[in-house]
Structure formats: C-alpha cells, structure tokens
Amino acid sequence: TDGGAHALDSGAVQWHEPLTPPFCVVGAPQLLCVALVSCSLASFPSGVRGAPIGDMRLRGDRVLAVGQGCVLQGPNHLKYVRFGLLTCGVQFHIAVVTPRHPTLDRLVSSHELMHTHVVTCCAISPDGAFLVTGSADGTLRSWRTSRRGNVRRVLHVGTFASHGAGVTCVDLCVAGGVLASGAKDGSVVCWDLWGCTCLHALHAASSTTLVHPAGGGAGPSAGGERVASVGLNQANGNLLALTASDLVLWSVNGERLGEASLPARDLPPGTCAAATACGDWQDGVVAVTGHRTGAVVLWRLAPAADGAAAHRGGGGGSGGASAGRVGLLVPVSVNTGVHTAPVTALRVLRRNPQRRHVQSVYGGGGTGLLVGDLSGLVSRWQGPNP
C-alpha cells in the first residue's frame, strides 16, 4: 500500500486461481459469485427450436445444444450421438458444419442391436473415442469407436451387469478409470471402467429417507426412487447421485461423504445433477442440481460432527460411512428467476489456461455453467474468473 491505496499483484492472483474452489472468488474462497451471461431458446442442428435440451457445450462464445436423447461427441463436438431408438442402438449425426460434412443433422452412421432393449443413456470420453451405453435391460456396455475411410465402426469392449432394473443414467471418469450408473430401483453402482467389475453397490437415498420411506418400513428396497442423474468428480472420482427427493455424495472408495433431503430443504423434486471438480481439500461447490420448477441449486459439503445423525433424524445409510459421520450437503445458492420449466441438462465449465477463455470440458468444473430445460431454453452463467 502507498498512502492507504491498495495495490493488486496480478501475478499472485493468477497463481491462486487454480487453487480456488469452483465458483468462488480468487483470494476470497468464502465468497460465491455466479452471474447470468445469456439466456435464449436453443437452435438445434436440425433447426428445431423449443424442444427439450439433452446436452450442451460451449464453442467459443456460442452455446451448442442438442435435444433429449442426444449427447455431443468429441473434443470439438462436431457430431452428436442419438440413443433411445427402437433398434436398440445408437446413431451418429452431424452437429457442426465442416467442409467434410456440410449438412447439419445428417446421419453419419447407424449401429443396431447394441443391447437387447432400448439404450436409455450414454456417456462419451473427452476424446470421443470411447462410448458407454446403458439400457432398459439393466446392463451397460463399453465401446471403442474408430473410422477407416468412410466407414465408422463401434467395437464392443466390455459389459457391466449388476443392476436389477433398467439403467437411467451414466457418467464416466477416464482419468480415474471409474464409471458410475443409476437405475430405476434407486441403485447406484461404481464400476472399474477397464475391468468391467463392480467396485461399490450403493443406494441413492438419504438417511432420513432410509429411516422414513414414503411407503413405510425401513431401509432400501427394490422399489426405491428412480435415480435421475449421476455425476463423477473428474479430479478425485467422487460420485454424486440425485433422485427426486435426495442428493447423495460418496467418495471414490464408496464412503458416504454427504447427503441432503430435498423436501427437508423445501426444495422441489430434482431432475438432473452435475458434479464439479472441487478437490477434497477445498471448501467449494461440489454439486449443481436442476429441479422440476426450473430452480438451479449450488451445493457445498459441510462435514458433520459426531452425533449429527440426530439433526437428520438418525439412522444409518447404505454404502459407506455410518450416519453419525456423514456430512450435510448444504445449498449455498438457489436461482429461481430464469427457468420455469423442469431443468433437463446441466454442464459445468472451467477455464482453459492456454486459451484464456471459458470452455466446456468433460465433467470438470469451476468458472461457468450451462443450464437447459424442457422448453428448450438455455442459460449461460459465468463465475468470478472470466
């Protein structure tokens, strides 16, 4: 300082930036900052407007969106994968015009009978070469994509079988070698991505729900609540699962780290969720959830002291730590003024240090957020580090 004036060392700010928790101010991690940048109806590759959003990415300053039942592929998102077809397979379509592919939405290749029932969900590796599909038949399968000349091939790598009901959602972390999936019966499984083996069989219900289930009785059952969304922290492999009533966070080792009952927080039913890349040592936003009313909520993990089970109604949760050692997922920011239709897609963004702008990365997170809803509305939110 000089005469009471404060000087800012920009070099020090840049040094602290990668150490700052998601959506927090550099140098003041206790402060949360997320501002609305834009909001508009998405135009899909086919030109349709007002249809439900399935996936979104950021290309420069433009939001690229595809409808429900579709996932954008590859680092440049030039194509998208469509699933939910009666052929029990997937199709590859053009998402961005290039000299090689001048026609938007054109069918590039179709792959049938990948499962015995309809493909209900799909996740793709950051390079677009690895694909995981989940099906109503209760299995997941991994595939390697390749192209020889004009022929695109999808080669079966492995099968994951542990769910007793249809798979509803899937996410993968290639760097950590783990895969997460949720099913209609409330079951959540963490898999060894390369060994195709079950690491942890979990249940997406908070301690309150397990002790006081809607249908009476106690403990998880085959009639558990449908898992709407799963997400993997790309930094540490922590697993997030959301149902209409509960949000649960586990470590990569299957230990239950935190949970929240949405009705107990006076929040509407959950529809989708995304995990950020918040480190274990950081006190930042660990999850983002979308809700049936269009609300978007950011969550922090508050470690619970011994005996905290009394605060949550007691009881022991399945899949990890006892209830007395389970932390609480606390909503730290709730936005209800932009979206009025159910939120159908979330995409967390973070800064690319080389390009110095916010861009979409696979499942990571920190400085931005894309939100899509059932009416086709897409909003873009910017963190404190543009």
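Author: Let us begin with exposure: a residue is called buried if its relative accessible area is under 20%, exposed if over 50%, and partly exposed in between, with a 1.4 Å probe and protein chains only. This is a predicted model, in which local features need pLDDT of at least 70 and side-chain atom pairs count only at pLDDT 80 or more, while totals for chains, interfaces and linings use all residues. Residues are numbered from 1 along each chain as its sequence is written, and side-chain values use heavy atoms, with hydrogens and water left out.

Reader: Okay, so is Thr-336 buried or exposed?

Author: Thr-336 is exposed, because its relative accessible area is 57%. The residue sits in the loop between β25 (327-335) and β26, where helices (H or I, at least four residues) and strands (E, at least two) are DSSP runs, numbered from the N terminus. The C-alpha atom of Thr-336 is 8.9 Å from that of Val-297, although 39 residues separate the two along the chain.

Reader: How many helices and strands are there in the chain?

Author: The protein chain holds three helices and 29 strands. Of its 386 residues, 54% are buried.

Reader: Which way do the residues of β19 point, and are they buried or exposed?

Author: Leu-239, Ala-241 and Thr-243 point one way from β19, Leu-240 and Leu-242 point the other way, and all are buried. In a regular strand the side chains alternate between the two faces of the sheet.

Reader: What does β19 pair with?

Author: Two strands pair if DSSP finds at least two bridges between them. β18 and β19 are antiparallel and share five bridges, with Ser-229 opposite Leu-242. β19 is also joined by four bridges to strand β20 (residues 246-250), again in the antiparallel sense, and there the bridge partner of Leu-242 is Leu-247.

Reader: And how many residues are between the strands in those hairpins?

Author: The hairpin of β18 and β19 has six residues between the strands, and Gly-237 in that hairpin takes a positive phi near 85°. β19 and β20 form a hairpin with two residues between them.

Reader: Which residues other than glycine have a positive phi?

Author: Leu-113 is one of them, with phi near 55°, and Asp-266 is another, with a positive phi of about 60°. Leu-113 lies in the loop between β9 (107-111) and β10, and it is exposed, because its relative accessible area is 66%. Asp-266 is in the loop between β21 (256-261) and β22, and that residue is exposed as well, with a relative accessible area of 72%.

Reader: Changing topic, how many disulfides does the structure hold?

Author: The structure holds zero disulfides, a disulfide being counted as a pair of cysteine sulfur atoms within 2.5 Å. For Cys-121, the nearest cysteine sulfur is that of Cys-169, 6.4 Å away. Cys-121 is buried, because its relative accessible area is 5%.

Reader: Last topic, what volume does the largest pocket have?

Author: The largest pocket has a volume of about 1,000 Å³. On a 1 Å grid over the protein atoms alone, a cavity is a set of points where a 1.4 Å probe fits but cannot get out, whereas a pocket is an open set with protein on both sides within 12 Å along at least five of seven lines, and lining residues have an atom within 4 Å of a point. Grid points are joined across faces, edges and corners, and a volume is the space filled by probe spheres set on the points.

Reader: Which lining residues are closest to its centre?

Author: Of the 43 residues that line the largest pocket, Gly-54, Cys-169, Ala-228, Ser-229 and Thr-344 are the closest to its centre.
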